[in-house]
Amino acid sequence: MRQIVLSRADSSSAGEMSAIAASSDFCAKWSASDFESEASNKFARIYAAFYGGEMAGFAAFRFCREDAELTNFAVRGRYRRSGIGSML
């Protein structure tokens with residue numbers, strides 16, 4: 001059985017995250033440069049979920065002291081309703 005792996009994403013994944021965002025009806029349509037900028041922001045974190053080596057989704061957050069804001073979030077269509085969104 002394949003395992004879902006969560007890890008912190010960096011700017012090298014910007015193109016793939018942008019493609020996931022573009023294919024989703026439910027998230028902000030960030031470009032690759034938007035993801036690169038967010039990944040380099042010291043107050044932001046982007047986490048990605050991988051299933052079988054393929055990026056299945058991402059969640060982007062900004063932090064300020066004890067608060068966090070979800071700034072963007074998407075799961076590839078074929079992985080929706082599989083628990084990946086909840087894990088992110």
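**Reading a sheet and the helix packed on it**

Tutor: In this predicted model, the buried residues of helix 1 pack against helix 2, strand 2, strand 3 and strand 4, where contact means heavy atoms within 4.5 Å. Helices (H or I, at least four residues) and strands (E, at least two) are DSSP runs, numbered from the N terminus. Residues are numbered from 1 along each chain as its sequence is written, and side-chain values use heavy atoms, with hydrogens and water left out. Because the model is predicted, local features need pLDDT of at least 70 and side-chain atom pairs count only at pLDDT 80 or more, while totals for chains, interfaces and linings use all residues.

Student: Which residues of helix 1 are buried?

Tutor: Buried means under 20% relative accessible area, exposed over 50%, and partly exposed in between, with a 1.4 Å probe and protein chains only. In helix 1, the buried residues are Ala14, Met17, Ser18, Ile20 and Ala21. Seen down the axis of helix 1, they fall within an arc of 160 degrees, so they line one face of the helix; the arc is that of the directions from the helix axis to the C-beta atoms.

Student: Why do residues three or four places apart in an α-helix point the same way?

Tutor: An α-helix has 3.6 residues a turn, so residues at that spacing point the same way.

Student: What is the order of the strands in the sheet?

Tutor: Two strands pair if DSSP finds at least two bridges between them. Here four strands form an open sheet in the order 1-2-3-4, with antiparallel pairing. Strand 1 (4-8) and strand 4 stand at the edges with a single partner strand each, so one side of each is left without a neighbour in the sheet. Strand 3 (residues 54-64) and strand 4 run antiparallel and are joined by eight bridges, and Gly57 stands opposite Val75 in strand 4.

Student: Where is Asp25, and is Asp25 buried or exposed?

Tutor: Asp25 sits in the loop between helix 1 (14-22) and helix 2 (32-40), and is exposed, with a relative accessible area of 68%. Asp25 and Ala74 are 49 residues apart in sequence and 9.0 Å apart in space, C-alpha to C-alpha.
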